[in-house]
Amino acid sequence: MSDRDVAFAEYFAARSGAMRGTAYLLCGDWHRAEDLVQTAFTKLYTHWHRVARHESLDPYVRQVLIRTFIDDGRRGWRRRERPQETPIEQPATQSSPDDRLVLLRALAGVPPRQRAVLVLRYWEDMSVEETAVALSCSTGTVKSQAARGLDALRTLMSHPVPAE
């Protein structure tokens, strides 16, 4: 193994779990989150020799991850209805729901760009400026997307979607 491969493997082992958590919050599906992380790290590996400062890898990988998520959502095949073993329209149980699951379902209903802003601002605890850099947009866009995303999240939380 070359020094490049060793350095990449160490970085992957150290950070893939955190990136997987971020990806899950973006897409709401562990399998798709794995795919997003794999794609992001594949892109990182192909550009590893060009990454001059390894201390700035997390923001770079996070940006690749978010762009991959947003680009993936633009493709039509994800929007088509896919057959399910059990119907999606099952009523939610009347027992006390786990707040985290309710929140994750509601987060999945927020539009992708707004969801990316919410995850970066409130899960990754990034500043408005850091989020703007990660998403390649203005700070005003981050603020408006966060406000709209929080409004959408509040609406979805007040009218929870039944569990799949």
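Is Phe41 buried or exposed, and what is its relative accessible area? In this predicted model, Phe41 is buried, with a relative accessible area of 3%.

Figure 1. Seven aromatic pairs are counted. Phe8 and Phe41 form an edge-to-face pair, because their ring planes stand at 75°, with the ring centres 6.2 Å apart. This pair links distant parts of the chain, 33 residues apart: Phe8 belongs to helix H1 (residues 3–27) and Phe41 to helix H2 (residues 30–46). Phe8 is buried, since its relative accessible area of 12% falls under the 20% cut-off.

**Figure 2. The pair of Phe12 and Phe41.** The ring centres of Phe12 and Phe41 are 4.9 Å apart, and their planes lie at 85°, so this pair is edge-to-face. Phe12 in helix H1 and Phe41 in helix H2 are 29 residues apart, and the pair links distant parts of the chain. Phe12 counts as partly exposed, at 34% relative accessibility, whereas Phe41 is buried.

**Figure 3. The aromatic cluster and the charge over Tyr45.** One aromatic cluster is formed by Phe8, Tyr11, Phe12, Phe41, Tyr45 and Trp48. Over the ring of Tyr45 sits the charged end of Arg4, at 4.2 Å from the ring centre.

**Figure 4. Arg121 and Tyr122.** Arg121 is placed over the face of Tyr122. The distance to the ring centre of Tyr122 is 5.4 Å.

Terms used: Residues numbered from 1 in each chain as written. Predicted model: local features only at pLDDT ≥ 70, side-chain atom pairs only at ≥ 80, totals over all residues. Heavy atoms only, no water. Phe/Tyr/Trp six-rings, centres within 6.5 Å; stacked < 30°, edge-to-face > 60°. Helix = DSSP H or I, 4+ residues; strand = E, 2+ residues; numbered from the N terminus. Buried < 20%, exposed > 50% of the residue type's maximum accessible area, 1.4 Å probe, protein only. Lys NZ or Arg CZ within 6 Å of the ring centre and 35° of its normal.
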